Amino acid sequence: MIRRYDFGTPIPTDAVVVPVPVGEGSLPHMVTATRGGALSFTVSLGEHDMIFGLGESVRGINKRGFRYRAWNTDDPSLHEGRECLYASHNLLIFSGTCGLFGAYFDDPGNVVFDLGYTDSDKAVITSPEGNISVYLIEEDSLKGIVHAFRGIIGQSYLPPKWAFGYIQSRWGYASEEEIRTIVREHRTRHIPLDSVSMDIDYMERFKDFTWNQNNFADLKKLTGDMGKEHIRLVPIIDAGVKQEQGYDVCDEGLAKGYFCLKADGKPFVGAVWPGHSYFPDFLRPEVRAWFGRQYFKLLDAGIEGFWNDMNEPALFYSEETLQEAIELAESCKGKNLGVEECFHLKDVFQQTANNMEDYRRFYHVVDGKNIRHDRVHNLYGYNMTRAAAEGFQAYQADKRYLLFSRSSYVGAHRYGGVWQGDNCSWWSHILLNLKQLPSLNMCGFLFNGADLGGFGQNTTEDLLLRWLQLGVFTPLMRNHSAQHTRDQEIYRFRRSEDMRRVLTVRYALLPYLYSEFMKAALTDEMLFRPLAFDYPADDVACRTEDQVMLGGECMIAPVYEQNARGRHVYLPEDMLMVRFHSAEDYDLLPMSAGHHWVALELNEFPLFIRRGVMIPLSRGAEWVDAVDSRTLTLLGWDCGHAEYAFYDDDGQSKDAKLEGHVYALRVDAPTEGFALDGSKLIHGEGRD
Ligand code: MIG
């Protein structure tokens with residue numbers, strides 16, 4: 001049961017798209033209080049109560065014990081002290097003596113979630129101005145709460161099937177030649193590959209919807225040639241539009257009044273990659289329609305997928321903040337600065353980026369009224385994504401496009417996926433990646449993935465290999481790294497053959513992963529779940545955060561420590577371990593419930609399948625379109641009469657549905673149109 005409780009004048013966000021009845025009386029489970037203009041909601045916590053949710057954020061799957069903040073921020077250092085990352089997903093799920101309920105805090109401003117940080121026995125959620133809708137969700141299970149929440153926020157975005165292929169990316173690819181080389185290096189070595197991302201250097205001086213005429217002289221020819229190699233190019237689009245006379249997007253946006261304005265009615269200018277830039281007011285439908293149409297230029301050139309960046313929006317500086325800093329510096333000139341003053345001076349220059357004063361300097365138009373940016377800050381990336389998706393819809397209504405964004409808010413999950421921002425080549429970020437998967441899924445973001453191998457800092461061969469072993473299971477599987485860091489393409493490394501073998505497993509599992517993804521999206525379920533969701537009565541499972549459930553059948557447990565030759569795994573029930581070396585080479589080991597030390601050399605990684613069910617494995621391929629999803633092997637233990645509900649479709653039609661697309665796969669009664677090979681099936685304790 002879901003009820004809505006409104007406080008003040010909530011700002012429309014379109015996060016929730018299904019009408020929810022208004023609750024009577026006061027908000028259950030929480031004490032509501034006002035302080036200054038702020039409004040707080042307090043939940044009293046029992047000692048072992050757990051709190052789930054918050055989508056893209058740092059720390060545990062159980063969010064208890066820290067303070068988080070909803071404030072989409074471009075800061076490429078995802079350390080444990082960060083209160084906010086690139087996205088705001090304001091869902092909390094409480095479980096324990098405090099009750100079993102979810103609460104969605106729909107307020108696009110700077111909401112603070114103090115989850116047992118100030119007072120360990122209290123969760124206090126504060127809305128800065130008290131204009132908020134709280135959706136209270138009461139169901140009898142954790143899964144049920146998420147399912148109900150997902151039911152009111154609308155169906156998750158469906159990517160095309162090819163988007164599940166491996167994507168090679170790097171900030172710095174600057175020419176057609178370079179892209180052709182990368183593709184060749186993969187193809188000649190038989191390293192599977194479906195796409196190459198194009199980062200900002202493909203543009204003409206960082207101008208959105210342009211491409212460099214010297215280095216990409218004929219983009220249409222390039223996409224055509226790539227198409228013959230079964231490769232799609234995926235260009236980046238940034239939020240800021242370069243200020244430049246004669247640049248059509250700039251001129252048109254100004255003429256039509258589509259950019260965010262300051263209080264004096266002049267367009268706000270902030271500096272990002274193109275230098276001085278304007279910021280489209282994506283909150284207005286007519287601006288979204290206009291911006292969405294700009295994508296046609298690249299769609300016409302054969303592009304079928306994009307990533308939207310810098311849409312928190314990131315600001316390097318504004319003239320105003322920079323001027324203040326310069327004035328301060330000038331006032332210091334010739335003075336004998338004390339330590340404090342000197343540090344202050346440095347800070348002031350640091351703080352010209354993503355400065356709160358700048359976010360208070362410009363306005364959006366919502367329902368005909370001017371509204372200051374900081375009050376709707378977290379809606380910006382969401383509506384940029386929406387603009388793109390609405391553009392694709394207008395371009396070709398029945399086709400799925402790949403789209404993923406850096407910044408998001410609940411609601412954006414209907415229009416695109418996300419990537420988890422600028423991580424680093426650190427082992428701890430493999431674990432962060434893992435923990436974010438179920439939390440993102442709770443909030444509707446099923447299509448997601450982190451920069452495999454790490455974005456910032458220099459990767460190492462073993463880190464990339466281990467991270468790919470997790471990436472095998474994430475819907476977006478993209479190797480991406482920052483400029484000036486060590487080369488990170490698979491073929492650069494001595495162990496590239498081991499990495500290639502990891503990718504063969506991705507493509508062999510693709511029919512299964514796609515099937516589970518689509519079923520989850522079409523039925524408002526999670527692809528990845530905390531163990532606590534599946535085994536709520538098992539306290540060890542509830543506290544296990546370095547393993548997550550995948551789909552209806554599996555559990556994953558990646559190795560995330562350097563030099564490890566295995567790891568501890570907790571099995572909440574009997575499971576079959578598939579220890580992969582490659583798609584053709586794997587061991588099947590039945591294991592009983594309990595604690596295990598699992599040996600896993602650098603070129604080995606596990607997938608656990610519940611006893612009594614099975615999953616399909618294909619023969620793989622070097623690109624998605626070549627994967628034969630009608631010739632399958634079934635893997636399982638003790639599941640001779642089990643059935644796998646296999647979803648498959650053409651991979652591109654927009655109106656995907658379960659009806660007519662689910663096939664019951666059984667070993668003893670093969671489904672028509674499928675070639676099944678039951679030879680890998682294990683029955684009872686034995687193996688064949
Ligand atoms: O300020 O486009 O997160 O993936 O490579 C950095 C350059 C801008 C941030 C993105 C990253 C991308 C980079 N961008």
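A residue is called near a molecule or strand if one of its heavy atoms lies within 4 Å of it. The views below come from a predicted model, in which local features need pLDDT of at least 70 and side-chain atom pairs pLDDT 80 or more, while totals for chains, interfaces and linings use all residues. Residues are numbered from 1 along each chain as its sequence is written, and side-chain values use heavy atoms, without hydrogens and water.

**View 1. The shell around the ligand.** Here are the 13 residues around the ligand, of which D199, W273, D309, D422 and H480 come nearest. The shell holds eight nonpolar residues, one polar and four charged (nonpolar: Ala, Val, Leu, Ile, Met, Phe, Trp, Tyr, Cys and Pro; charged: Asp, Glu, Lys and Arg; polar: the others, Gly among them).

View 2. Pairs of N or O atoms within 3.5 Å count as polar contacts. A polar side-chain atom of D422 is 2.4 Å from a ligand oxygen, and one of D309 is 2.7 Å from a ligand nitrogen. W273 has a side-chain N or O atom 3.0 Å from an oxygen of the ligand. The protein buries 96% of the 350 Å² that the ligand exposes when taken alone (Shrake-Rupley method, 1.4 Å probe).

**View 3. Helix 12 beside helix 13.** The axes of helix 12 (residues 428-442) and helix 13 (residues 461-471) come within 10 Å and cross at roughly 10° (axes are lines fitted to C-alpha atoms over the stretch in contact, with angles from 0 to 180 degrees between N-to-C directions; helices are DSSP runs of H or I, at least four residues, numbered from the N terminus). Helix 12 is therefore roughly parallel to helix 13 (an angle under 35 degrees). In contact (heavy atoms within 4.5 Å) are H429, I430, N433, L434 and L437 of helix 12 with L463, R466, W467 and L470 of helix 13.

Definitions and conventions:
Polar contact = N/O pair within 3.5 Å; in protein donor to acceptor, adjacent residues only side chain to side chain. Helix = DSSP H or I, 4+ residues; strand = E, 2+ residues; numbered from the N terminus. Parallel < 35°, antiparallel > 145°, perpendicular 65-115°, else oblique.
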